[in-house]
Amino acid sequence: MSDPFDIFLICPPGLESALASEALEHGFAPANAISGGVEIKGDWPEVWRANLMLRGAVRVLVRIGSFRAFHLAQLDKRARKFPWADFLRPDVPVRVEVSTNKRSKIYHAGAAAQRIETAIKESLGAPISPEAALTLKARIDDNLVTFSLDSSGESLHKRGFKEAVNKAPMRETLAALFLREAGYTGTEPVLDPMCGSGTFPIEAAEIAMGLAPGRARSFAFENLASFDAAAWETLRSGVTPRSTDQHFYGSDRDQGAIAMSTRNADAAGVSEHTNFTCTSISDLKRPEGPAGLVIINPPYGARIGNKKPLFALHAALGTTLKTEFRGWRVAIITTEASLAKATGLTLSAGPYVPHGGLKVRLYQSGPL
């Protein structure tokens, strides 16, 4: 049996520990959190399973080999000897992306990419295309050339069923990690009073139901030489959903957002456990049943312009939550500590996380 691969799970900086926790929960061990993601080890079925099952990973990269190269001629020679046929198919186009740093004698990424592309084309016969769905990443660091394959293809936040999104959507991968950071495990109700396209309630429902996040999409690894269609189908069909008696709620003052959320929940197969209503913050009521988690990605000043009206909005939100949601926990994503403070809630702040070109933090409370 061949040695396991080094596999790198990419996630937004600041949430590496949350993804490591999820990876361990799914049996990927060891799961070492480093800057920008989590390192695990495994064979090809583990690569497939990571893409299929991990909610917080943005991409799954597979390290397939490395060698030293101190100049372009050496890179060319060694790239031609690399066992491309073990990984790539001669009939599948590939895109080559190269990054270099100042510690390497090969510093021109474009020239390095040309050498690698020519080696693949001439030794394997695979076509090279900048539009290819399959990406080979080459990193040249301190004269060490390391090849990795992006086994995911499209970003893993694209679950394969969401048709409608609002202006400033929360990506599903980020939503899943924020839910985890807020202590959500699938055993309590979740409510988002500014639900937009319904990402938080839908993601929470999927977690509670044990649905595989990658169940409705394809992946780049399906075009690799190592792909076994029968084994993949066995793996995918072996994920058994579970029953839940929890319900997940979204509200928004925009009827269009409610229509979007309803369509998206339908497409995801979770409509039986989700409920979306057109309601303003001031009219928000606690659902019947046990306490749970209120999680919100409200508008912030940098996203919509003028910040002044947002302080009144956050104050009204805090008043409603304190009045109606006793016993519930609250998690708010925002760029502004002052907006979180305007709620009047006692909140602790998590790390800064990039989102939509901004830096946001998760502010959360204990039970109200």
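This is a predicted model: local features need pLDDT of at least 70, side-chain atom pairs count only at pLDDT 80 or more; totals for chains, interfaces and linings use all residues.
Local features here need a pLDDT of at least 70 and side-chain atom pairs count only at pLDDT 80 or more, while totals for chains, interfaces and linings use all residues. Residues are numbered from 1 along each chain as its sequence is written, and side-chain values use heavy atoms, with hydrogens and water left out.

To start with the sheet, 7 strands sit side by side in an open arrangement with mixed pairing, in the order β2-β3-β1-β4-β7-β6-β5. Strands (E, at least two residues) and helices (H or I, at least four residues) are DSSP runs numbered from the N terminus, and two strands pair if DSSP finds at least two bridges between them. The edges are taken by β2 (32–34) and β5 (95–100), each of which pairs on one side only. From one strand to the next, the twist averages 30 degrees. Thr100 stands opposite Ile140 in β6. Lying across β5, β6 and β7 (144–150) is helix α4 (residues 109–123), which runs at about 145 degrees to β5. Contact here means heavy atoms within 4.5 Å; axes are lines fitted to C-alpha atoms, for helices over the stretch in contact, and angles run from 0 to 180 degrees between N-to-C directions.

Next come the empty spaces. Rolling a probe the size of a water molecule over the atoms shows where empty space is left. On a 1 Å grid over the protein atoms alone, a cavity is a set of points where a 1.4 Å probe fits but cannot get out, and a pocket is an open set with protein on both sides within 12 Å along at least five of seven lines; lining residues have an atom within 4 Å of a point. Grid points are joined across faces, edges and corners, and a volume is the space filled by probe spheres set on the points.

The second largest pocket has a volume of about 560 Å³. Its lining takes in 24 residues, and the closest to the pocket centre are Phe8, Arg63, Arg139, Thr146 and Ser148. By class, the pocket lining splits into 10 nonpolar, 4 polar and 10 charged residues. For these classes, Ala, Val, Leu, Ile, Met, Phe, Trp, Tyr, Cys and Pro count as nonpolar, Asp, Glu, Lys and Arg as charged, and the others, Gly among them, as polar.As for cavities, 2 reach 30 Å³ or more. The largest holds about 40 Å³ of space, and its lining includes Asn51, Leu156 and Phe219. The second largest cavity holds about 30 Å³, with helix α6 (residues 199–209) giving the most to its lining, 3 residues.

Finally, the backbone. Most residues other than glycine have a negative phi, and most peptide bonds are trans. The bond from Ala29 to Pro30 is cis, with omega near -5 degrees. In the loop between β6 and β7, Asp142 has a phi near 55 degrees, and Asn143 has one of about 70 degrees. Asp142 counts as partly exposed because its relative accessibility is 41%, whereas Asn143, at 8%, counts as buried (buried is under 20% relative accessible area, exposed over 50%, partly exposed in between, with a 1.4 Å probe and protein chains only).
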